[in-house]
Amino acid sequence: MYDADFFSRIGIQQICEFFRHGDEWDPTEPGTLEERFQRHDQGVLKALETYRDEILKTAWAELSPPEKERVTESLYGPILDEAFALEAIHFEAGFRAGVLLTKPCRGG
């Protein structure tokens, strides 16, 4: 954490991730808050569509229990990844709002 370029890498995304997880998150994701929200919101929908399509075309009766588990994990993983990213974006939005709301209290 305290390497030579720590302060050159720090940004709002890293600060939020530190508050959420106690560690920095690297790399940061490019784009504005709104752009990142739109990208991951669409990502959830795409992951859900893929999940639906794969559920319908998979021959579940032909799979062994370990194969079913593997397929299921591979299907819901992308949904969870996108949902996790959206959660981080919502946290960041709330953090930004909190910082802005404290400004009048500090006389700014």
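This is a predicted model: local features need pLDDT of at least 70, side-chain atom pairs count only at pLDDT 80 or more; totals for chains, interfaces and linings use all residues.

Student: What is the secondary structure of the protein chain?

Tutor: The chain has four helices and zero strands, and along the sequence that reads α-α-α-α.

Student: Why are α3 and α4 called roughly antiparallel to each other?

Tutor: Helix α3 covers residues 33-57 and helix α4 residues 65-102, and they pack at an angle of about 160°. Angles over 145 degrees count as roughly antiparallel, so α3 and α4 get that label. Their axes are 9 Å apart, and α3 passes α4 in a left-handed crossing.

Student: What makes up the contact of α3 with α4?

Tutor: Its residues split into 16 nonpolar, three polar and seven charged.

Student: Now the cysteines. Is C16 buried or exposed, and why?

Tutor: Buried means under 20% relative accessible area. C16 has 1% relative accessibility, so C16 counts as buried.

Student: And why does C105 get its label, buried or exposed?

Tutor: The cut-off for exposed is over 50%. C105 comes in at 70% relative accessibility, so C105 counts as exposed.

Student: How many disulfides are there?

Tutor: The rule asks for a pair of cysteine sulfur atoms within 2.5 Å, and by that rule the count is zero.

Student: What share of the protein chain counts as buried?

Tutor: Of its 108 residues, 19% do. As for contacts between residues at least 6 apart in sequence, 61% join residues at least 24 apart.

How values were computed: Residues are numbered from 1 along each chain as its sequence is written. Side-chain values use heavy atoms; hydrogens and water are left out. Axes are lines fitted to C-alpha atoms, for helices over the stretch in contact, and angles run from 0 to 180 degrees between N-to-C directions. Helices (H or I, at least four residues) and strands (E, at least two) are DSSP runs, numbered from the N terminus. Angles under 35 degrees count as roughly parallel, over 145 as roughly antiparallel, 65 to 115 as roughly perpendicular and the rest as oblique. A crossing is left-handed if the near helix is turned anticlockwise from the far one by less than a right angle, and right-handed if clockwise. Ala, Val, Leu, Ile, Met, Phe, Trp, Tyr, Cys and Pro count as nonpolar, Asp, Glu, Lys and Arg as charged, and the others, Gly among them, as polar. Buried means under 20% relative accessible area, exposed over 50%, partly exposed in between (1.4 Å probe, protein chains only). Contact means heavy atoms within 4.5 Å.
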